[in-house]
Amino acid sequence: MAVLEAAKTTRPPAAPPATAPTGPVWAAHRGAVVAGVVAVWVALWALLRNRFTLTLDTASTTDLHLRINEIRDSIDAGRNSNPLFLYVFNEIRLVIDALTNAISGLIAQPAFGRPVPLLGWLGVVAVVMFVAWALGNGRVSLLAGAVFVFFGLQGLWTQAMDTLALTLAAVLVSLLIGIPLGVWAGLSDRVNRVLTPVLDFMQTMPTFVYLAPLTLFFLIGPASAVIATLIYAAPPAIRITAHGIRSVAPATVEASVALGSTPRQTLFGVLIPVARRTIVLGINQTIMAALSMVTIAALIDAPGLGQNVLKALQTLDVGTAFNAGLSIVLMAIVLDRVTTAMSERVEVARLMTPQAIARRPYLLGAGALATLVCVYLSYTFANYAVFPKPEGSSLGYVGDDVARVADSVTTWTQTNLTFLTQSWKDVSTAWILDPVEHLLVESPWFVVFAVAVLLSLVIGNLRAAVTTAVCLAVVIGTGLWSDTMTTLAAVLVATVLTVLIGVLVGVWMGRSRGADRAIRPVLDAAQVLPSFVYLIPFVALFGATRFTAIVAAVVYSAPIAIKLVADGIRNVSATTVEAALSAGTSTLQMIRKVQLPMAREALVLATNQGLIYVLSMVVVGGLIGAGALGYDVVAGFRQSTYFGKGLAAGLAIVMLGVMLDRVTQAASGRTGGAKKR
Amino acid sequence: MTRIGSPRGVRRTARVALVATFALALAACGGAKVGEDTTSSAAPAAGGSGTAAACGTVNIAINPWVGYEADAAVVAELLQSKLGCTVVKKNLDEQVSWQGFGTGEVDVILENWGHEDLKKKYIEEQKVAVEVGPTGREGKIGWFVVPWMAEKYPDITDSANLNKYADLFKTSESGDKGQFLDGDPGFVTIDGPLIKNLGLNFKVIYAGSEAALITSFRQAEKEKKPAIGYFYSPQWFLSEVPLVNVKLPPYTPGCDADPKTVKCDYPVYNLDKIASTKFATSGSPGYDFVKKFQWTNDDQNVVAKYIAVDKMSPEDAAKKWIADNQAKVDAWFTS
């Protein structure tokens, strides 16, 4: 997933670098000021410990939370007479249900009076291979074919097709909405400004918060699952499309206008074609995001691989969960490689010899014919419609083996490594997490508030400081200040670990092609493997603790940081490196004095992305012992009485996300400016 | 990147694909066709055309625990094979299942644990659901310790003695107190106030999910580490690790009314069935059967074990149990 990081990296900086800090007092001694602020904070903490901490017991709720419950109840009660339901939500639901059922009837579920879908496994494999070959290249076509056959061998053909159908439906709708919106946001600054916070909200609000209400609006069925997926998956398409349109060189646009093109001609003749490659990237990111929702959508009866993961979790069957998780990873890899190949198609076509170009239509025709034969076979013959399964096995030809191997690896780890992991957990908790948490949770709220605003001002800029103040004010409003601080402590520690690992592994990968090739697939897998698969082994290794949640968050977020750092290191100009080498610099000096400083922007970006990814794991953390906001959100989903509290907790998470994002972005804008000076 | 620009490779690929498909085509001649007898298992099982029309479709909510899955498997199998109903299983959490009564997408919940708030909302206020009577099983929530501890410290099974052992339960999460594990946020717990009111030197740590809670107990028993927490029966895990119940001051009606002063055990839940009003008044024979369906904790545990430990599919597990327990099944269908 060479391009997975693009989803968020391409977000334009919130503050233009022009607003460089105006207060040179702290600009010169930034480090000292930060240290001073923290010192004062520690002193105040010691003095006012455990007072004004705004603590709310886990089982308690506030008036606001109960109010939200009441609002939900009144919507629920009035849904049969509410015109919004009758004429808007119902219509949307009908359209999306029809779309999803059509795709599902084509490849996944019995439909049109047949006991099987229209296309059997052979037909799907053929179509997928043909499309991958025609729009991408031969290599990805073979990969796609192999992986799809593997789904069948895993004994998960139907589930994989259910997941594919739902993902395709969600991606289609996302793109239908996302690309026009993205183009609009790319053309208009005002639209972009309005859209950005909305997209932030969509991406950071935990899905658990709106999952239950969605079934009120769109009922239990494909529509709710598709919409839950779309809320999370559409923003990358919008953001990246807007970015693509924006980064078209102004000269190109001016030339088009000078030639007398109408705005419409400029848009469709110049802007969109030039930005095409970036837009395909956006599509790629949307697909990845949609696939990451598979397990969560299963909580509201979305069919597919997510069901297998959840069911296996009920019996702590890690092997079976891994088998299904592996399918999701493989599907993500195939879809990623195919869309990437599609975006590279233009360049490939340019390199083709005239002969090859002349021959291509015939090849395509032959391929289409072969595909049609397969489609017909799979439509007609049972053996090509339903993937055969050996007698007496529950998971097909290789599924049982995959599950067994995963099980024994897990068991071995859980038996032999716990002495290590437990002490590691105890030491890290006592020496790193606890101090940070004590400082944040036990200080009076106004002290933390002031410190946060000050630090935002020093590290970022005035705008970041204002954002921090607003976000924290909203957090106080949610009634969950104390839980938010507990979560913030874990988020900060996890981010530091993420960046540390990102730098260590990223530098290695950036300097060595071999390391890059070996590690990258592992990173891809860690990013798309549903976290539900590894929760049980993690709890076994570390217990149900805050540290476990931090480890899970780091596993998910380190890949993005590593990739960004590696790309940053690699992009340091070769001449600089050679110059330093000829000056007799040692390897360590090279990394410390040349490569890391020059990749500074990538480092800040890695921190920013690491933070956002860590934050998206807060809810998962709540499932394995982290408590605080993550637990509040899960409780809100599971128990009707905590719905309001869960929503408030979700809002607090969004506020943390916006705050941390803006501060790190302001910091990165500042370093960018500093370099220019 | 090496993948770019190898038109020859592409051509070869195409040729191989072409040959392969024709080979497949030849091989397919003589294979069974879709819709012939081989696929009959995929068609809905009809127990006779007359009854099929009468029963119609039954939407069963499948709540996320194995015991529930066992109930649903047996009920679904019988609805299909005996009454010719079309059964749609919907994998949903409890709260969403109840919401489904209102939106008309759930017909029946087969194992309901309390949920007085939801009963009030959907049965009394919205009148979209009705109680269908007990499942015959008792749900018991309580405090449990890992078996090795109960053996080594016999008096630990009384909450009055817990303070003596509080130090054993200290973890990185609980600081200077003993750690008391709470699990799934889906259940109401009164452990926080209970610990405070009983004057116990423990701190509640929220494991956050049933999976995390069970894993913690399992790992603690395996490594002979201390663990105490909230658990419940019936639950398949108890057949793997028989956690030992810790005695709390006995439950008396109303003793848990005020969470601030609560000082007693959890009540015994008579697990019951809930149906949508629509389904209850439909006259479907499916409803009559659901109303009669009752079995014991032991019955359920058998089917749950088939699913959780023996890794049978719910359908196969149900068929096996039904074949072994014809007398019980027949009783549900005699009027």
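## Exercises on a predicted two-chain model

Helix H3 (residues 66–83) and helix H12 (residues 285–292), both of chain B, pack with their axes 11 Å apart and at an angle of about 140°. The axes are lines fitted to C-alpha atoms, for helices over the stretch in contact, and angles run from 0 to 180 degrees between N-to-C directions; helices (H or I, at least four residues) and strands (E, at least two) are DSSP runs numbered from the N terminus.

This is a predicted model, in which local features need pLDDT of at least 70 and side-chain atom pairs count only at pLDDT 80 or more, while totals for chains, interfaces and linings use all residues. Residues are numbered from 1 along each chain as its sequence is written, and chains are lettered from A and ligands numbered from 1 in the order in which they are written.

**Exercise 1.** Classify the packing of H3(B) and H12(B), and name the residues that meet.

*Solution.* Begin with the angle of about 140°. Angles under 35 degrees count as roughly parallel, over 145 as roughly antiparallel, 65 to 115 as roughly perpendicular and the rest as oblique, and H3(B) and H12(B) are therefore oblique to each other. Next come the residues in contact (C-beta atoms, placed from the backbone, within 7 Å): Val75(B), Leu78(B), Leu79(B) and Leu83(B) of H3(B) meet Pro285(B), Gly286(B), Phe289(B) and Val290(B) of H12(B). By class, this contact of H3(B) with H12(B) has seven nonpolar residues, one polar and no charged, where Ala, Val, Leu, Ile, Met, Phe, Trp, Tyr, Cys and Pro count as nonpolar, Asp, Glu, Lys and Arg as charged, and the others, Gly among them, as polar.

**Exercise 2.** Describe how domain 1 of chain A touches domain 2 of chain A.

*Solution.* Start from the bounds, which come from an automatic or database domain assignment: domain 1 of chain A is 22–67 + 417–676, and domain 2 is 82–388. Their C-alpha centres lie 31 Å apart. Then take the contacts, in which 22 residues of domain 1 of chain A touch 25 residues of domain 2 of chain A. On the domain 1 side, H33(A) gives the most, with seven residues, and the classes of that side are 17 nonpolar, four polar and one charged.

**Exercise 3.** Which helix gives the most to the side of chain B that touches chain A?

*Solution.* First, 65 residues of chain B are in contact with 83 residues of chain A. On the chain B side, H1(B) gives the most, with twelve residues. Finally, that side of chain B divides into 28 nonpolar, 25 polar and twelve charged residues.

Conventions. Contact = placed C-beta atoms within 7 Å.
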